[in-house]
Each structure stands twice: as C-alpha cells, then as structure tokens.
Amino acid sequence: MQHEFISDATLVSNYIDGNEGALEILITRHKQKIYSFIYSKVYDRDVAEDIFQDTFIKVIRTLKRKAYNEEGKFLPWVMRISHNLVIDYFRKNNRMPKFDNSGDFSIFSVLSDNDLNAEKRIIKEQVENDVRRLVDELPEDQKEVLLMRIYKDMSFKEISERTGVSINTALGRMRYALINLRKIIDKHNIILTN
Amino acid sequence: MAKLYSEKKSVKNLNELQPSEETVNFLLNYSKALSVINCNNMKFEALLN
C-alpha cells in the first residue's frame, strides 16, 4: 500500500493543510492500536467506541486549530488523549455510578419510598383530627357502634353482644352513623382527602 | 495439580479489536464538516454539514 510509506508527520501536516484523505490514512493506520488500548482499560465495546470517537474528535479539533506541535510523536500524543479520556470516564463513573435500567427487571418496581413527606403527614394528621371531631359529634349509640366496627374491627355479631342490642339495630346504627357523618361533611364542605 | 482449561484469549482478541466502520466514518465526516475560522486572534469552530 502506498500510504504505508508516508510518515505520520507528513500526513499530519498534509491534513493541517486541508487534505482530508490524510486523516483517513492516519485513522486506518492507528485505529486498532488505539481502540485496543482503550478496550483493555474499560472492557466494554460501546464505551471503548465512545472514547475512541471522543479521542479523535479532540485530535481533529486540535489539528484544525493548528494547535498541534508536530514532534514526530503523533501516536503517543493520541494515546495520551485516549488515556486521559479513559481516566475521565472512570472518574465520572465513580462519582456518579451508572445505573442500567434497560433490562426486563426494573429496580424501581421494587424500590419505592412509601413514607409520607412532611406535607402529606400534616394533611393526614389534619384529616384524622377532623374525622375524630366529626365522630365525637355523633349520638352516643351510633358513635359506640361506629368505633367498635371501624376502629376495633369487631363484627356486628360481637357488637350486638357487647351493646346488648340486636344485630339489625347495630347495623341500623352504623348506617345512621355514616349517613350523619356524610351530612355533616356535606354541610360544612369538609374535604377529607389526602 | 489441577489443569487450567481457560484460554489465553485476551492477547489475541485484543489485537483483533477495531472500532466500527460507523465510528470511523463519523469521524471522517466530522472532520470534513468542521472548519476553524480565525478572526482577530480568536478561533471559531463551525460545523457545516
């Protein structure tokens, strides 16, 4: 091949002078060495590809800006750039570990924050206070049934045994308790939602 | 002594590794599109596709 005989230094100066073909020869000549070097550090083909690309973007920009000082060390210079980019990659990943959520399993389906935040906690307290006050307003017999059913989780059979009334009466009291609560809530426009 | 069955693949494979054609083409196109404009001792980069 003809370009094997052209030195890196000549190709670099040709490229700086505007010969785009020179870059192609340079990349073709060194891509395997540079890519292998990057891959040997990161062990990930995609990451190596990215770093390889970034390396040559830097090379191209430096050459086009005529900021490169040719000392016959093109390859060591490119290797140094890729080495620095590899270090940057590891530094960035240590500081901010990458989380791969692309698979079938999503970690967020398992992890969640069930704790209420400060605002929701305050709202919950207020709602509970309101409910407590509303229940206190109920007639004593209805209140008694409601507390046993809702808060003590007793069955109507147990409630009837405890209060000495029939199950139907207990059911009726519960029904009226709820109706009365709804009435008060509607009347005063109380909002009991979180 | 136990035999080692693992292959010494890394050296050979590392030498076969190459960036994809796509990446190389991207770089060549990027190079063609990029031009640096000198203006009052300042350098501006322009990507012209």
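Which exposed residues does the face of H8(A) turned away from its buried side carry?

Analyst: The model is a predicted one. The face of H8(A) turned away from the buried side carries A:Asn168, A:Arg175, A:Arg182, A:Lys183, A:Asp186 and A:Lys187, which are exposed.

Start with the length of the helix. Helix H8 of chain A runs over residues 167-188, which is 22 residues.

The buried residues of H8(A) are A:Ala170, A:Met174, A:Ala177, A:Asn180, A:Leu181 and A:Ile185. Around the axis they cover an arc of only 135°, and therefore they lie on the same side of H8(A). The general rule behind such a pattern is that an α-helix has 3.6 residues a turn, so residues three or four places apart point the same way. To count as buried, a residue must have under 20% relative accessible area; to count as exposed, over 50%.

What lies over the buried side? The cover of these buried residues includes three helices of chain A: H5 (118-137), H6 (140-151) and H7 (156-163).

A:Asp153 is not a glycine, yet its phi is positive, about 55°. With a relative accessible area of 61%, A:Asp153 is exposed.

The end of H8(A) has a positive phi too: just after the helix, A:Asn189 takes a value of about 55°.

Methods. Residues numbered from 1 in each chain as written. Chains lettered and ligands numbered in written order. Predicted model: local features only at pLDDT ≥ 70, side-chain atom pairs only at ≥ 80, totals over all residues. Heavy atoms only, no water. Helix = DSSP H or I, 4+ residues; strand = E, 2+ residues; numbered from the N terminus. Expected span 1.5 Å × (residues − 1). Buried < 20%, exposed > 50% of the residue type's maximum accessible area, 1.4 Å probe, protein only. Arc of directions from axis to C-beta. Contact = heavy atoms within 4.5 Å.
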